[in-house]
Amino acid sequence: MSKVPSDLKYTKTHEWVKKLPDGSVEIGITDHAQHALGDLVFVEVPETGRTVTAGEPVAVVESVKAASDVYSPIAGVITAGNPDLAAAPELINSDPYGAGWLMRLTPADAGSLTQLMDAAAYETLVQAEGD
Amino acid sequence: MAFIPHTEQDVAEMLAAIGAKKIDDLFDEIPASLRIKSLSGVPTALNEMEIARLMAERAKQDGRPLCFIGAGAYEHHIPAAVWAVTTRGEFYSAYTPYQAEASQGTLQTIYEYQTMICGLTAMAVSNASLYDGASAFTEASLMAVRANRKSRSLRVLVPTSVHPNYRKAAVAATGGQGLRFEEVPYNPDSGLLAVDALAKYDGEDIAALAIQQPNFFGALEDVDALTDWARARNILVIAIVNPTSLALLKPPGEWGTNGADIAIGEGQPLGVPLSSGGPYFGFMTTRMEYVRQMPGRIVGRTVDLNGREGFTLTLQAREQHIRRAKANSNICTNQGLLMTAATIYMALMGPEGLERVASASHARTRDLVAALSRTKGVRAAFDSHFFHEAVLILDRPVAPVLKSLASRNILGGFDLSADYPALGNALLVCATETKTDADIESYAAALGDAMQAALAA
Amino acid sequence: MQTRHEKLIFEYSRPGRGSTDQWPHAPAKAVDIPEALRRKKKPLLPEVGELETVRHYTRLSQLNFSIDTHFYPLGSCTMKYNPKACNSLAMLPEFLARHPLAPESHGQGFLACMFELQEMLKEVTGMRGVSLNPMAGAHGEFAGVAMIRAYHRARGDLARNEIIVPEAAHGTNPATATMCGCIAKEIPVNADGDVDLESLRAAVGPHTAGIMLTNPSTLGVFERNIEEVARIVHAAGGLLYYDGANLNAILGKVRPGDMGFDVIHMNLHKTFSTPHGGGGPGAGAVGVSPRLLPFMPIPIVGKEGDKYRWLSENDLPQSIGRLSGFMGNAGVLLRAYVYMRMLGREGMSQVGEFATLNANYLMKRLQAKGFDAAYPKRRASHEFILTMKRQARELEVTAMDFAKRLLDYGFHAPTTYFPLLVPECLLIEPTETESKETLDAFIDAMARIQAEAEQEPEHVKGAPHTMPVRRLDDVRAAKQLDLTWKPIAQH
């Protein structure tokens, strides 16, 4: 059973979103996603300062089996990409909600998070996909 | 007939196990209206003796004229060992090395090939080969557009002194993806691309610049100046190079202050016979930072469960069988057999042997040009340095001259008038290390007569 | 087979060594090349003698499985015997020595072979035109989709940019659609393995450029509704593209042209037995129906009177263009020509018949041994799928584990995990050139591995045990990229 922390928001494409104290958000991929991909070998994070729209592919996570796009859950400006992932992409496998964060951004619209799924809804989605 | 080993008894036992009465029953899911009775349009079967005889007749019909054509495919001596080993069944009839444990021979050969090609081009990383030089250029253009983060452009600058077939194939293969190849003219006196000709692109958003060295005319470009011009403008450099020439010429990894970004070319000169145009192989190399943008297969070294060294296909997540619609390319192959031959060739020749082939070819071409220029009405086209190929201008149409030479079993070169009408009566000639003094003399002697015959025609 | 580890060629290198018999005698140095353009440092190529080189690559070859040495039932790859005559006759010295730009006057023998090959391929596929230009299957696919696109544009119908692809299709199909500037639209396949007609009807419309199909499909079964599929797509204004990967199943029995396909690519390295060569060269000739004739890639061989010549852009002004530097993989085409002449019309049908007989026999007997076929109620075409999902669930032994253990038994594994639709699958294609004894030996091996899976699963999961290497660390290969050898000084 994959972990689905209750205090985060989620997307249909298996990204999680965490609100940070300064108003920005942190984004990563879920435990379900990292499990499906297998051992990650390479991660590409977006450049700081880039403006992104909701649903735009902004990062790539690559395992031996698959290379997947990661989509930005909301519109905003990227403030950071996780610098540790270049040397240690496996952080996403071992700690997908913590040290394996992918990027941080300043939302264009603070209210846009309410559009995202909560933990219960995401859990239902994952069950339906046959976790 | 079809290399089928089954006896009637085998067939009977097999049908019994299946529970069918005859083989035709196995096709019962196919609508009867679709099933054909016979292929009357295909000739009846020949046994091996008969087909061997037919092919011998056809080969004899074509003969072996003395060949002075280059233009992207070059006649070099190929050591007997190259194809004796390459056509061993274990190389010849092996599949793509997806089951690595059963394919270490192929995989290690590819790793050695990747290393050698990087050595020749002075680039950091190579793939396992592509179809040919023309498709390597196509793939390099697509790759440059993907990889150039500082450009949003789909424009690639291509000098018209790049091989005409490469330019045509690139347009045919990339039209669906919106790439724009913009032709940059060469200087008519030197046959070279001058940096001034690029001035009009200053300040424009361009993804890549292609530089062929030697260019299609055999002329030697100022690769340092051109590379630095591109780099200063965030334009990626695609180097199109002849692998034999790299034994003598500055490799693309050392062009300008920081080298070319992608270096590709036709690998045929490395142990692959002319064979009417194929199969050949294209090589592709690049900087380490672009390795994930490179199409085609790549082999990496790793270890097995016991810590023993082994080789495997890697970075496959970029390829079509995993990414499907998002793949870098739909390419599903490398030219395995040809790459194997090239690897053995490069091992046999080594740095010294390859340098001698390059020097000898260059010297022979110089001698050829000198000998032919002694004929009235023949002169060199350009004042620039050339390498193992050169353009001659005739004072009369080239086609009838070539036809007359051909009737004496001499293939005099490639007629440039169709692809380069501005050059006039232009002929691209090439002599490699395979040509002797006597060969060159034959050509020179025959040329005089052929020029006369062309006048009369 | 050889299992001793073989060093890298570079590790045999010694300064001053060389295969000197292969080098030109030392000429005068090329003094007239400007210094600025000259190479300063020797390239990193090995310095080895000829015997060392021959021994090294011979020993490397012995580390491979190949058709010449092992049964190689890779589904969708058609690993049939590559007749030696195809190779030796394609490598006659005159054929090898001919320059691609040599005049037609000095190539009538070669051109006759090419022309006759075009004609034979037209006949076996039921198509009206053939171009031999594309250099591989995926290349032929590109040509096919590009021709479909060109056809619609020539009619002024610019809205058609969708290519329908069944979800079981080979990965090159959607990749090709994207390369041609089209959008790949996937439709489902039903439980019996046929394309879902309702989904197809919903998917077609004014944006449909065409559909890419193979028949028999990648699931190893014949698309029974093919004529209806053709009607639906044609009625919507789209064209039908046939992926010829599975032509071996129906050679001499059914023709794609008769099924309604407008364009097909053939894999000469599968159906027509040209060598796989460790990954290539292939040849992906394309065949077209009358309405696509003007768009064929050039060059093509034409015949005028009793003379052959190349047809180029001037003859086909609407051609999608040339896809190769010269005319394509000529040497491969000669091999296919020799093979087809040796088969003759009688041999073609035998190929389809015996490929199908072998596959059905293998499937039935493996089912009798307790293995699960993915489509047990269907006839096998020239290949069929077994699913190991029960073994994976009950014994934690996967299709990959079976595949690796088969290597220890001296068989190359079947295709694994393709098509993606069937979980834990093995796609098995014996081909027509394998004897009953070989098939029986394979069946026995599979049964023994099943027994091992039940009694000592760890042994299967740790396979292979007897190959030159055990299972390799793919993760490390992708993370710690070691793609070229570097001399000690550079480490």
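How many residues does the contact take from chain C, and how many from chain A? In this predicted model, four residues of chain C and four residues of chain A take part. The side of chain C that touches chain A divides by class into two nonpolar and two charged residues, with no polar residue.

For chains B and C, the contact involves 167 residues of chain B and 174 residues of chain C. On the chain B side, the largest share is contributed by helix H10 (residues 336–373) of chain B, with 20 residues. Classified by residue type, the side of chain B that touches chain C comprises 88 nonpolar, 52 polar and 27 charged residues.

Within chain C, helix H5 (residues 137–154) packs with helix H6 (residues 172–179) at an angle of about 50°. The axes of these two helices of chain C are 9 Å apart. The crossing of H5(C) and H6(C) is right-handed.

From H5(C), the contact is made by C:Ala138, C:Glu141, C:Phe142 and C:Val145. The residues supplied by H6(C) are C:Thr172, C:Asn173, C:Thr176, C:Ala177 and C:Met179. By class, five nonpolar, three polar and one charged residues form the contact of H5(C) with H6(C).

Methods. Residues numbered from 1 in each chain as written. Chains lettered and ligands numbered in written order. Predicted model: local features only at pLDDT ≥ 70, side-chain atom pairs only at ≥ 80, totals over all residues. Contact = placed C-beta atoms within 7 Å. Nonpolar A, V, L, I, M, F, W, Y, C, P; charged D, E, K, R; others polar. Helix = DSSP H or I, 4+ residues; strand = E, 2+ residues; numbered from the N terminus. Axes fitted to C-alpha atoms, helices over the stretch in contact; angles between N-to-C directions. Left-handed = near helix turned anticlockwise from the far one by under 90°.
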